[in-house]
Amino acid sequence: MKTDMTDGNDTVILEIKNLTKHFPIYRGFLRRIVGNVQAVNNVSFSVKSGETLGIVGESGCGKTTLARVILRAYEATSGEVLYRQNGEMINIFSLKGQELKKLRRDMQIIFQDPFSSLNPRKTVMEIIAEPLRIHGISRGQELKLRVGELLELVGLNVKHMNRYPNAFSGGQRQRIGIARALALRPKLVICDEPVSALDVSVQAQVINLLEDLQNELGLTYLFIAHDLSVVEHISDRIAVMYLGSIVEMMPAQELNEIPKHPYTEALLSAVPSIDPNSHKPRIILPGEIPNPSDPPTGCKFHTRCRYAEEKCKTEVPAWDEISPGHWTLCHFSKTLNLHGIDTVKASE
Amino acid sequence: MNENEKYLLKINNLKTYFYTLDGIVRAVDGVSLTLKPGKTMGLVGESGCGKSVTAHSILRLLPLKTSQIKEGEILFRRRNDKEVIDLAKINPQGKLIRSIRGKEIAIIFQEPMTSLSPVYTVGNQIIEAILLHRQIKPQEAREHAIQMLKSVGLGMVESMIDEYPHRLSGGQRQRVMIAMALSCSPSLLIADEPTTALDVTIQAQIIELLKSLQKQFQMAVLIITHNLGVIAEIADEIAVMYLGRIVESGSLKQVFENPLHPYTIGLLKSVPIIGNQTKKRLAPIPGSVPDPLSVIEGCAFRLRCPAYKQKECPGQEGVAMVEVEPEHYVRCLLYDRDEGVRGNEN
């Protein structure tokens, strides 16, 4: 399903090593730093060319911060982000000026809210042309042709080029956002909750469009969402985040078949099923997500985990590969017998 | 529908219109539904289909200057004297509706962040609701408020009652809203997208809470949501809305296992399901919801319908509701045959 770019099948396009982002909390007249919101904590993973890596987690788990650090919209506290450019892995945190600008052509983002991510005072033409102008790629008639091409690519009518965003529905606006992201022919596109603001029927249209574009243009996606079923549908691999850390990472089909982290199990069981006959026992996580400026000691999930033992309160679990490509952050991944959702439909 | 059957709420051919500078928006255009005591009805549809306006019409919460209930009746059976009143006809600012709001019909709104006042403590807001409807001393009301907060599963209630809403998380605020709504034991609870703004794990908590409270308080629930999964978890009966009209209604099982209307079928097909091994493409409904100002003759869904028939569908008259199997109604010409019993409403 995934077309490959230039190199072999397993070319790593993006590698993240021990990435940490803390936001300082200032207090008082002297603006002393009294603490840190630990938004992203020691996250490592790699993304292969042409694949879709889904990142799923609840609000406040750090998934958007992670995306923005990768794009260098925020400066990281520590760690490295390596990106493959012309066959070499380069650390994007060391880039400056023109080099950074060049890199930005390769990495683009699609935002969550199609209503606030488009400038209401610019026409669709101006919105999509802006990145092309900034990078000096085309102008004049050629620019217009390219914008028209992009509009066609995302399924919008070229005639509507001179309209303002308010003339479009939510789904159409999201298509404009996608066209803008694709204008520079990027290799890596970060999709930050691209469908969560859309209606169900339109959501499916945009998901299909993203899949088609990936096949056509050989894109690599970092797909961030809180909706487990959407992430499972679109991703090749999935990373589950909790309180700034990735707690489990696996091939997409293993998400429901063999979840290995208790948080993944709880997330799966919380998804409401559209099958009225499935009366699965639901795991209700007690309490709320702890404050990221004062995370629990040991395993961060132990305060809400139903399998937690004494060890979990003190010892930080290790990031462990329990089967090929399946990583978890849990002391008991090998011994726990966890379950996904019962997928056998009674009606069939 | 059986006339002898006791209903709590019965809406007949409700039409609520908005008068805007650009024209008339027929937000609710002929909705009929019946809610039995103690049952849960799910009203499902995409944004702009009129589901919230239907709910707000019941409580008469709509803006007075720009909207009007044009036609129809909203029959509500009151608790004590069992008399039936038509909410559509009473004064939306009068004493009668005020004695019903919050006491007999309560509502939970979507946004737990904005539906609580930021300048009053949680306790103040609940106690106000209790004192408005019951002749009891403030101290007793406070105790009742504490009781209610405990029953919605909040911890450390004695200190939380004096907190301001900004100190609480989204899930906690929604629990406070539910506690407030239930503080006068309403016979009907309207939940307008109660979990949409919440995370999945918190959503699961709230769904379980609503289910257990419904049993405990013996109330009917009208739940409004666009999330088919939430509906499947909680509702007994379902009504699917599209462009101001109900296009299909029936029991949960009927609608989910044997969806009839092309729109319902499309909605069910367009959600990805976890564990669906084959990564097949989703089947979205083409196009998007038409402009609310436009008037579509005949079937409103025909512009996006895969089963569209050029001849019949754009007809002058609206399509009638047809009872295809007992209590399972659909508004579609595909089923408009003689064997189907015609519904009495249009």
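In which order do the 4 strands of the open sheet in chain A come? Select them and read across: S2-S1-S4-S5, with antiparallel pairing. Keep in mind as you go that this is a predicted model. At the edges sit strand S2 (32-48) and strand S5 (88-91) of chain A, each pairing on one side only.

Next, pick out strand S1 (residues 12-27) and strand S4 (residues 78-85) of chain A, an antiparallel pair joined by 5 bridges. Zoom in on A:Ile16 and you'll find A:Val81 of S4(A) standing opposite.

Time for the contact between the chains: 38 residues come from chain A and 39 residues from chain B. On the chain A side, select helix H6 (200-217), helix H7 (228-234), helix H8 (252-257) and helix H9 (262-270), each of which supplies at least two residues. H6(A) gives the most, with 7 residues. Colour that side by class and you get 17 nonpolar, 15 polar and 6 charged residues.

Last stop, chain B by itself: 10 helices and 13 strands. Its radius of gyration is 21 Å, close to the 20 Å that the globule rule gives for 346 residues, so chain B is as compact as a globular protein of that length. Along its principal axes, the C-alpha trace of chain B spans about 70 × 50 × 45 Å. Buried residues make up 46% of the 346 residues in chain B.

Definitions and conventions:
Residues numbered from 1 in each chain as written. Chains lettered and ligands numbered in written order. Predicted model: local features only at pLDDT ≥ 70, side-chain atom pairs only at ≥ 80, totals over all residues. Contact = placed C-beta atoms within 7 Å. Nonpolar A, V, L, I, M, F, W, Y, C, P; charged D, E, K, R; others polar. Rg over C-alpha atoms; globule rule 2.2 N^0.38 Å. Buried ≥ 20, exposed ≤ 12 C-beta atoms within 10 Å, placed from the backbone. Pairing = 2+ DSSP bridges.
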